[in-house]
Amino acid sequence: MSLIKIGVSGLNAYRHALSVTGHNVANAGTPGYSRQEVAVGASIPQFKGFGYIGSGVQVEGVRRLYDQFLVDQTRADSSVYQEFASYRSSIEQLNRLVADERTGLGPAMDQFFKSLENAADNPSSIPVREVVIGDAKNLVDRFNVIHGRLDEQNNTLNGQLTSAVEQVNALAVAIAQVNDAIVSFAGDSVKAPPNDLLDRRDDLVNQLAELVDVSVTNVDGAYDVFIGSGQALVQRTVPNQLQVMDGLYDPSRKEIRFVSDTENLVLTRQLSKGGKIAGMLNYRTETLDKAYNQLGRIAMGFIDNFNRVHGQGLDIKGNWGENFFGALNTEQNRFARIEPAQTNAPPNDRRVAMTISDVSQLPAEEFVLNFPGPRPFNWEIRSSSTGEVLKEGAISQNFPETIEFSGMEIELLSGSFSAGDRFLLIPHRHAAKDIKLAITQPADLALALPIRAQTAFGNSGTGQISQGRVLDFNSPILQGDKQLSPPLIVVFNSPTSYSVFDNSDPLHPKSLDPPLENLPYAPGVDNELFSSTPGETLVRGFRGQVPFSPFKQLANQAEVTPGNGFNPQLLNFVSRDEQGQVIQRQQLRTEANESAFSMASRLSGLEGVQARAFTRVELSEFSNGRPPYSPPNSHQIWLNGVELTQDLVDVESPLWDNEVLRAVPPEINADFLANRINNNKDFQSAGIRASSDGHTLTIVDEAGRDVALEMRGDRAAPGFAGVGDGFKVSNAESYTMPLLQGDLKGQLSAFRGFDFETEGPFIWEFALPDGSQGQVVMNQKFETGPEWRQAMEEQVNKQLNGPGSAKVSIGPMGEISFKLYTQMSGWSTNDSEKLTIGGQLDITMEPGVEMSVQPPYGNVFPGQPEQKSSFLGLQFNMNGRPDSGDRFTIEWNTDTTGDNRNAFFMSALQTEKLLSSRDGGLSFNDAYGAMVQAVGTRTRQVQLGAESSFSVLQQSLNQRDAVSGVNMDEEAARLIEFQNAYNANAQVIRTAREVFDTLLQAFR
C-alpha cells in the first residue's frame, strides 16, 4: 500500500472523528443525547516477503457511548421522583388550606363555641344571641369554602389527568414511529445502528416514564412498552391508547381506560405506582378523598348533635327548638349518599338510599355494596380502599329492606337487583357542602330546657335538687303539649329512701307504671334520681299478701312465728346480645316463706340483675274494747317481737329515744304506735319507720324484711255494747279496677248514688292477689254512694279465695280500686293473734336481659312477668340531707327567658367525644386536629420523598452522564487531538508526494 493511501486513510478517519466530535458538541444540549465516537482499526496489512507492511487505518463505525443499566435506572428513578413531585404540588396546597388560621376550620369552631359560652352567661340578651347566629354562619361558610376548595382540587386533577393522558398517547405514537424508523434502518445492508434515532426513542420513553411507570422489552430492535399490570402501550410499530372517562360511580372523578384491539379495561388502580399520573391518583385516593370524608364527618357531627341538643331545648317563647342546622337525613341527602355503578345491568330502576342512624359509629371512609352472585339476593359490603369484606348477607326481595352497618341504614326500596350490581356508599362526601344554618332569628335559639324542679315550701331537710337534663328527647314523658306527661313529685319516705309519683293531681299523687318507689338515697353525696340507661327494664313482684285470717297463738303452746306465705318459684334470666343471640343463662330458686330482703340480696348477685325490696303494712280502724271482763286484758301489740304498748313511764332503757311517748294512752291509736316505732333504736338501725295520718298507721321496712305483728286483748262480747280490741291490717296495695265496658261520663262519685241500669251493664276487671282475673258487673240503680260501693265490695269479696275483706274506693278522676284487709282481734285470754307480711321485690335488668318464672303461677312473681322500661329519659341530681316527708316537684319549664341550661349542653359539645366511638371517640376539635395532622404528616413524608427521590435521580443522571453525557472540555481536547492527527496525516501525504517527486526527478 502506498504511503499516500496510508495518509489518505488517516485523513478520512480523523475527518470522520472530527465530524462526530463536532456532532457531539452540537448536541451537547439535546435531551437524551448519548455521546458518540468513531471506532477505528488498522487496515489489513500486506505481506512483502520480509514481513507485513501496514496499510493504514479504516473506520469501523460510529459507537454510541451507552449503558443500558444506567438508562433503565435513570428512567425508574425519574418515574419515582415525578410521582412524588406531582403528589407534593397538590398536597402542599391542601396543607396550607386546612392548617392556616385564615382558611382552616379550627378557629371558626373555637369562635362559635366561645359565642355559645357567652350566650350561656347571658341567655336573655338578644345581641349575644345574634352573635351566636353570626358565628354559626361563619362556621357553615368555612365548611362550604373548604369543601369548595377540595372540589377545585378534584377538578384540577381531572384536567391534569386528561392532559397527562394526552401526552401519554402522543408519546406512544412517537415511540411507535421511531420504532418503525429504527426497524427500517436495521433492514439496510450497512447494518449500522441509527444512534440518533435510538437516543430519540430512549428520550421518548424517558418522557413517558415521567408520566407513568413503564417497563420496556427490546424485540428485534423495536421497543415494546408496557404499563399498568402488563398492558402493552406500544407493540413494535403499533401504539395503543389511554382514555379519560367518567368515574365508575361518580362522573366528577375521572378514571383512565386502556383501549387496544384486544383489551378495553379500566386501568386506574393499576396506574398507582410511578409517574405524575400515579402521584395524582394516589393524592386523590390517599389524601383528597380522606379529606372529603373527614371534613364531612365533622360536618355531620355538628348537624346531628347540635340538632339533637338544640331540639331538646326551649326558645324564648317556650317552643321546642327547631333544627339548628339543616336536617341530616333529608330525602335529597339520603339518595345522594348512594352512587350506582355505571355497569349495573338494565333496567336502571333500583332505588337505594342511606339514612345516618348514629354519626358516632361512622368511620371516615367509603364502602361498596356489592351483589356478587351467583344468586341475585346475596350482598356484601366491602371497604372501598382495601376491598375487604366487612359484612355480608342476603335480601328477601320483599322491599323495602334495610341493611344496618356502622351507623348507617342502607335502604333497598325497590328495583330489580341482580348479580354484579354495585353501589358506592359515600356517607360523608357531600356533608360539608350541604351543611346549612337553619336557625336565623336570635329568639329562636333554644337555650333553655323543658324541665325544671322545685323544692316544696316547708321542707325541713337540706336536700337540694338540680334543674335536670334531658337524656332522650323522644321519651313519652316529654310528648305532652308544653307539659310533662305526667308531671312528677319526689317524696322522701325517710332520709335514705324516696319514691317518685305521678303528680297530675297534686292532691292525690299516684304510682307510676312501672312504680319507682322506695329507691335508695345516700345523704351527703350526689345522687342520680332516675335510670340513665336506655333499655333498662323493671319487673315488680307481688306485694306480700295479708293472710285471710291471723294465726291464733295459744298461750299454753309453743311459740310459733307464721311464715309470710310466699311460694317457691324458679326465676330464669337470659342475656342476649344485640343480634338476639343468647350469651348467658342464670337461675335462682326462691324458698317457701323466704323474705324479700333475702331474695333481693341473692338476685343482686346475678350478672345484669339488680333487686331491691321493701315491705309496707297498714294498720287502721283501731278499736279499744269496753268489755264486761274483769279484769280486762290490756290491748297489747308487738312488732317483730318488740312490744309497742309497753308502759315506759318508769323504764330506763337504751332501746328508746328521748322523744318516745312513755305513757300508754287509754286507747291505742296510730299516732302513738308511729311514735313508738320511730323512736325505737333497733327499728331505726334496721330501716323500719312508721307514719300516721291520725287514722292509719303505715309501717315500712326499707330493706324488705318480713313484718311480724302480734296482738293480745279483749274480744267483743255478744250482747254487750262496744267492741273488742283490734285493728285491720292491709299490705297497702291498691288493686286498680279498669272499666272494661260502659261510659261513666265522669259522674260517678263516692258521695252520691248512680244509675248503672239505664246504660248498663258496667263491667270492671281487676287482678286478684293470686294473679287471676276478677270481674265486677254493675247493672242496678243505687240511691247513695255507700250503697254502690258496698255492692262492689260484695262482688269482689265473693271472688277472693278465703276470708278477709275488700274495701272499694274511688279516686278524684273516677278510677275505682280496692284494698284487702284482715282483722286482728283479741281473745280475752292470754292467747294472741299473729300474722307475717312479706315484702315486695323490684328487679331491674340491664338491656338484653329477659326474665321468666316457673311455675307459671305463684305469689312472688307472675308467671310471665311484664318487663317495663324504667328509663324516663330525664335525669336530676340531688344532694344534701332531706328529711322524711320532703318533696320536690318536676314539671314543665314555663319561664325560659333566663334559662341557660341547654346553652351549656350545646357548649359542652365542643369537648364531648361524639365521633369515631369505635376508636375511643373524638371531639370536633380532635377530629379536625387529626385531619390537619394527617395532612401535615403526609405532606412532610411526600416532601421528604420528593427530596430524596430527586437526590437519587440526580445521582443516576450523573452516572449516566459520566458515560453518555457530552463534556465540552473533553470534546474540545478531542477536536485539537483529531485536528493535529489530521494535519499529521496531511503531512504524510505531502511527504509521500515529495518522495514521489524525488523519484520522478531521479528518472528524468
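Me: Leaving aside neighbours within four places in sequence, which residues is Val 808 in contact with?
Reply: This is a predicted model, and the contacts named here are those with heavy atoms within 4.5 Å. Leaving aside its neighbours within four places in sequence, Val 808 touches Arg 789, Met 792, Glu 793, Ile 816, Ser 817 and Phe 818.

Me: Is Val 808 buried or exposed, and what is its relative accessible area?
Reply: Val 808 is found in strand S44, which covers residues 805–810. A residue counts as buried when its relative accessible area is under 20%. Val 808 therefore counts as buried, with a relative accessible area of 1%.

Me: What distance separates the C-alpha atoms of Val 808 and Gln 646?
Reply: Along the chain, Val 808 and Gln 646 are 162 residues apart.

Me: How are H3 and H6 oriented, roughly parallel or roughly antiparallel to each other?
Reply: Helix H3 (residues 106–121) and helix H6 (residues 275–311) have axes that come within 14 Å and cross at roughly 15 degrees, and H3 passes H6 in a left-handed crossing. Angles under 35 degrees count as roughly parallel. The two helices H3 and H6 are therefore roughly parallel.

Me: By class, how many nonpolar residues has the contact of H3 with H6?
Reply: On the H3 side, the residues that meet H6 are Met 109, Phe 112, Phe 113 and Leu 116, and on the H6 side they are Ile 298, Phe 302 and Phe 306. By class, the contact of H3 with H6 has no polar and no charged residues, and its nonpolar residues number seven.

Me: How are H3 and H14 oriented, roughly parallel or roughly antiparallel to each other?
Reply: H3 packs with helix H14 (residues 924–964) at an angle of about 170 degrees, and their axes are 10 Å apart. Since angles over 145 degrees count as roughly antiparallel, H3 and H14 are therefore roughly antiparallel.

Me: Which residues of H14 make the contact with H3?
Reply: H3 contributes Gly 106, Met 109, Asp 110 and Phe 113 to this contact. By class, the contact of H3 with H14 has four nonpolar, two polar and one charged residues. From H14, the contact is made by Phe 924, Asn 925 and Tyr 928.

Me: What is the omega of the cis peptide bond from Asp 513 to Pro 514?
Reply: Pro 514 lies in strand S25, which covers residues 510–520. The peptide bond from Asp 513 to Pro 514 is cis, and its omega is near 5 degrees.

Me: Asn 518 is not a glycine, so to speak of its backbone, what is its phi?
Reply: Asn 518 lies in strand S25, and it is buried, with a relative accessible area of 5%. Although Asn 518 is not a glycine, it has a positive phi, of about 55 degrees.

Me: What is the radius of gyration of the chain?
Reply: The chain has 15 helices and 52 strands. For 1004 residues the globule rule gives 30 Å, and the chain is well over this, so it is more spread out than a compact globule, with a radius of gyration of 49 Å.

Me: What box do the C-alpha atoms of the chain fill along the principal axes?
Reply: Of the 1004 residues of the chain, 47% count as buried. Taken along the principal axes, the C-alpha atoms fill a box of roughly 200 × 60 × 60 Å.

Key. Residues are numbered from 1 along each chain as its sequence is written. This is a predicted model: local features need pLDDT of at least 70, side-chain atom pairs count only at pLDDT 80 or more; totals for chains, interfaces and linings use all residues. Side-chain values use heavy atoms; hydrogens and water are left out. Axes are lines fitted to C-alpha atoms, for helices over the stretch in contact, and angles run from 0 to 180 degrees between N-to-C directions. Helices (H or I, at least four residues) and strands (E, at least two) are DSSP runs, numbered from the N terminus. Angles under 35 degrees count as roughly parallel, over 145 as roughly antiparallel, 65 to 115 as roughly perpendicular and the rest as oblique. A crossing is left-handed if the near helix is turned anticlockwise from the far one by less than a right angle, and right-handed if clockwise. Ala, Val, Leu, Ile, Met, Phe, Trp, Tyr, Cys and Pro count as nonpolar, Asp, Glu, Lys and Arg as charged, and the others, Gly among them, as polar. The radius of gyration is taken over C-alpha atoms; the globule rule is 2.2 Å times the number of residues to the power 0.38. Buried means under 20% relative accessible area, exposed over 50%, partly exposed in between (1.4 Å probe, protein chains only).
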